[in-house]
Amino acid sequence: MTEAPDHEPVSQSNDSSTAQPTAGKQRGLIEFDRLTIAFNEQPVLKDISLTIDRGETIAVIGESGCGKTVLMKTLLGLIHPTSGRVTFDGKDLSALPPKQCADLRLRFGFVFQNAALFDSMTIFDNVAFPMRQSHRYAEDEVSSRVMEHLHQVGLPASVASKRPGELSGGMRKRVGIARAIILEPEVVVYDEPTTGLDPIMSDVINELMIGVRNRYPVTSVIVTHDMRTTRRVANRVLMLYPRTRLKKGEPQLLFDGPPADMETDPDSRVSQFVRGEAGTRLQELAG
Amino acid sequence: MSSTVNPSQDLPPDADSHPHAAAGIHASLHDWVMQWGEAVVEGIRTVGDIGLFAWNMLTWLFTRVPQRGTLLVNLYSVGVLSLPVVALTGTFIGMVLAVQSHHQFQAIGMENQLGKVINASLVCELGPVLAATMLSGRVGGAMAAVLGTMRVTEQIDALTTMGADPMHYLVVPRFLACVLLIPALTTMADFMGIVGGYFYSVYILEIDHAAYLEHSRQAVVGFDLFSGVLKSVFFGAIISVVSCYQGFHCRPGAEGVGRAATSAFVYSFVLILAVDLVLNIVLNRGYYYYYSFSP
């Protein structure tokens, strides 16, 4: 059963995979322009061009090793492009000086796959970290906002004094979301937000992502394998395919469109992924 | 027991086999040169990487003051928590020196001069190296393991995404803690070694108290204390830079973290001894050069 998204798509650009900044056309918030990332001369992403508009909620899906996380880390400037460029609000991320790049990152919120909470700090200090790091807030305001955000993600005030190791996976994920949104960023990037969680907690996380989007004017990028999350939260889906499995000349971006169109996409690889069918993959892996 | 001898084994290889043998030798030589070449290139690259890492850290050190909270935690961890172990090992080393030296000095009737060798060895060499060794084992390994775990669990990436530079936030406080507190730890190792050596010599080996102190006073001058403490500052810098580098470049998984911690200790220790040699040569020459011109 395909679920309808809980909202109207903010922006749909079916030709965004080939979008180029042109005169007279309004720029997207994030633009990948012929992006290529290679490790040890092995390209993981090659010639990726796409535009993400302000307010969109994008799910980046694809098999393991297709470069989803690399794409996301490039967006945050954690990985530098081998060639091509990534622009945010018209600024080329790889051309920015470190200080400006650090300032720009404060406009992003990032939810890591395993939350990446700092073990040495309490939950309160973890959530307060971005506020304290920005040096713009008095400690009273930090305190009230931390407690407010913990409440928003459904965590009791008693967790504030605990350490990350004392919390369950779902609680850590929610702390990660609270930390990512505490500065009310323009873009929130979620890396596999529901991986490793039970179905109920996965849906709680989905609800939280929808809640964040409804509460703030935020652009969301969700890297996920979870088709339920994709259908429920995203209004645009990008599907990447591993470079090693592509034939010569084939584009790496297999699909770019609304979630509802995935089932009926003429490319069998897309529908196979959506339905979670192994097909002949086991034989290929064995061979 | 009968044995079958293959006559061809004793004969030289025939003419046709020469090209194959030559090709085999050539191939193995080629492989050998390739492997060594790769190892040398990798070594040079690592040294360059560590140099850039240290340069980056120094740039941060002189551009922004580290946060008080992170600095205090590291000062406590490096200084306060290392103090007992450094004091204890210093005491034992002083006593061991007394035990080892006593027989040899007794054989030539110079046991009253035991204080000279014990205290000069401790202040010039053993105190600084011992304190550095304990620090690289206790603190360096822990630094590499903590930073390695932070790398593997994406906590270092998380710092970056929240506008904090990991070099400024994680490395600079550790560097400062090591460099600022290793002189104090070295002095403590020296002091406890002197106390341990005195105790064993005077109360167990029954060396004359006054002679022991007089010879100790003659053997150790202010420059010895200064050179030992100065060397320790270099050792502290080596421990922090090498350990943080290993942590930052940790490979994924538990094995990667373990390897980072081990490498941090091994590389720090080897570098400490190599730098100790160079500094001893430089300081000795400086000492004799200075005193040859002083009135």
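A: This is a predicted model. Start with the setting in chain A. Chain A holds nine helices and 10 strands. Its C-alpha trace spans about 55 × 45 × 40 Å along the principal axes. The radius of gyration of chain A is 19 Å, and a compact globule of 287 residues would have a value near 19 Å, so the two agree. Of the 287 residues in chain A, 42% are buried.

Now the helix pair in chain A. Helix 3 of chain A covers residues 123-134, and helix 5 of chain A covers residues 169-181. Their axes lie 7 Å apart, at an angle of about 30 degrees. Angles under 35 degrees count as roughly parallel, and therefore helix 3 and helix 5 of chain A are roughly parallel to each other. Their crossing is right-handed. On the helix 3 side of chain A, the contact is made by A:Ile123, A:Asn126, A:Val127, A:Phe129 and A:Pro130. Helix 5 of chain A brings A:Val175, A:Ala178 and A:Arg179. By class, the residues of this contact are six nonpolar, one polar and one charged.

Helix 3 of chain B runs over residues 68-80, and helix 7 of chain B over residues 166-204. These two pack at an angle of about 40 degrees, with axes 8 Å apart. That angle makes helix 3 of chain B oblique to helix 7 of chain B. The crossing of helix 3 of chain B with helix 7 of chain B is right-handed. Helix 3 of chain B contributes B:Thr70, B:Leu71, B:Asn74, B:Leu75, B:Val78 and B:Gly79. Facing them in helix 7 of chain B are B:Tyr169, B:Pro173, B:Arg174, B:Leu176, B:Ala177, B:Cys178, B:Leu181 and B:Ala184. The contact of helix 3 with helix 7 in chain B counts 10 nonpolar, three polar and one charged residues.

Last, the contact between the chains. Here 16 residues of chain A are in contact with 11 residues of chain B. On the chain B side, the residues divide into three nonpolar, five polar and three charged.

Note on methods:
Residues are numbered from 1 along each chain as its sequence is written. Chains are lettered from A and ligands numbered from 1 in the order in which they are written. This is a predicted model: local features need pLDDT of at least 70, side-chain atom pairs count only at pLDDT 80 or more; totals for chains, interfaces and linings use all residues. Helices (H or I, at least four residues) and strands (E, at least two) are DSSP runs, numbered from the N terminus. The radius of gyration is taken over C-alpha atoms; the globule rule is 2.2 Å times the number of residues to the power 0.38. A residue is buried if 20 or more other C-beta atoms lie within 10 Å of its own, exposed if 12 or fewer, and partly exposed in between; C-beta atoms are placed from the backbone. Axes are lines fitted to C-alpha atoms, for helices over the stretch in contact, and angles run from 0 to 180 degrees between N-to-C directions. Angles under 35 degrees count as roughly parallel, over 145 as roughly antiparallel, 65 to 115 as roughly perpendicular and the rest as oblique. A crossing is left-handed if the near helix is turned anticlockwise from the far one by less than a right angle, and right-handed if clockwise. Two residues are in contact if their C-beta atoms, placed from the backbone, lie within 7 Å. Ala, Val, Leu, Ile, Met, Phe, Trp, Tyr, Cys and Pro count as nonpolar, Asp, Glu, Lys and Arg as charged, and the others, Gly among them, as polar.
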